[in-house]
Amino acid sequence: MGTKLIFITLLSNLLLVANLYSESKPTIYVYKSEKILKVVKEDKIILEIPISLGFEPKGHKLEEGDGKTPEGTYIIDYQIPEWDYYKALHISYPTKDQVEAAKKINKNPGSGILIHGMKYYWNWFGHLHTYLNWTHGCIAVNNEEMDILFKIIPNGSKIVIEP
């Protein structure tokens with residue numbers, strides 16, 4: 001009886017550990033027209049945040065300096081724990097196809113697209129910053145929301161940016 005109990009306990013602990021490591025990563029959905037960022041995990045919305053976008057948000061990013069936030073599916077490839085705009089999650093823009101498309105029209109597709117917080121002296125604006133699109137193509141949230149994103153979005157998480 002004791003051996004059976006130990007085996008069952010070991011098996012259940014092994015299954016628990018396997019479940020922890022097999023949990024799916026959350027996915028970020030950005031809806032540019034609604035200026036909303038949603039984090040979804042296991043088909044449940046776990047966070048919804050109002051956002052600011054690039055200063056010319058309509059349409060897909062074609063070149064550096066156009067003020068557009070790119071559209072498409074990307075990966076959060078690394079975190080920036082200290083930055084001018086508090087903290088940031090780096091988005092894997094541009095893709096190879098986007099680089100090639102830009103080359104064909106003699107353009108630089110740009111880079112350095114992030115989800116980032118606010119400069120410390122601007123953070124008191126809270127959600128008022130979302131009334132303007134003021135970034136150069138990034139997605140901006142306030143610093144408290146950036147802290148939450150930093151905790152729940154691991155590297156390798158998918159981000160889908162829709163028009």
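This is a predicted model: local features need pLDDT of at least 70, side-chain atom pairs count only at pLDDT 80 or more; totals for chains, interfaces and linings use all residues.
Which residue in β5 is the bridge partner of isoleucine 80? The partner is alanine 88.

First, the overall plan. The protein has 163 residues, and buried ones make up 41% of them. It contains three helices and eight strands. Along the sequence, the pattern reads α-β-β-β-β-β-α-β-β-α-β. Now look at contacts between residues at least 6 apart in sequence. Of these, 61% join residues at least 24 apart.

On one side, five bridges join β5 to β4, residues 72-83, and the two run antiparallel. β4 and β5 form a hairpin, with two residues between them. β5 also pairs with β6, residues 114-116, through three bridges, again antiparallel. Alanine 88 takes part here too: histidine 116 is its bridge partner in β6.

Now β4 and β8. Strand β8 covers residues 158-162, and it pairs with β4 in the antiparallel sense over four bridges. Tyrosine 74 has isoleucine 159 as its bridge partner in β8.

Move on to β1, residues 27-31. Five bridges join β1 to β8, and these two run parallel. Valine 30 stands opposite isoleucine 161 in β8. With β2, β1 pairs in the antiparallel sense, over five bridges. Isoleucine 28 has valine 39 as its bridge partner in β2. β1 and β2 also form a hairpin, this one with four residues between them. In the turn, lysine 35 has a positive phi of about 55°.

Last topic: charge pairs. Side chains of opposite charge can pair when their charged atoms come close. How many salt bridges does a search of the whole structure find? Four. Here are some of them.

Take lysine 61 and aspartate 66. Their closest N and O atoms are 2.9 Å apart. Lysine 61 is buried, at a relative accessible area of 4%. Aspartate 66 is buried as well, at 16%.

Then there is lysine 107 with glutamate 63, where the closest N and O atoms are 3.7 Å apart. Lysine 107 sits in the loop between α2 and β6, and glutamate 63 in the loop between β3 and β4, so the pair ties together parts that are 44 residues apart in sequence. Lysine 107 is partly exposed, at 36% relative accessibility. Glutamate 63 is partly exposed too, at 29%.

Finally, aspartate 147 forms a salt bridge with lysine 87, with 2.8 Å between the closest N and O atoms. Aspartate 147 lies in helix α3 and lysine 87 in strand β5, so this pair ties together parts that are 60 residues apart in sequence. Aspartate 147 counts as partly exposed, at 24% relative accessibility. That brings us back to β5, where we started.

Definitions and conventions. Residues are numbered from 1 along each chain as its sequence is written. Side-chain values use heavy atoms; hydrogens and water are left out. Two strands pair if DSSP finds at least two bridges between them. Buried means under 20% relative accessible area, exposed over 50%, partly exposed in between (1.4 Å probe, protein chains only). Contact means heavy atoms within 4.5 Å. A salt bridge is a side-chain nitrogen of Lys or Arg within 4 Å of a carboxyl oxygen of Asp or Glu.
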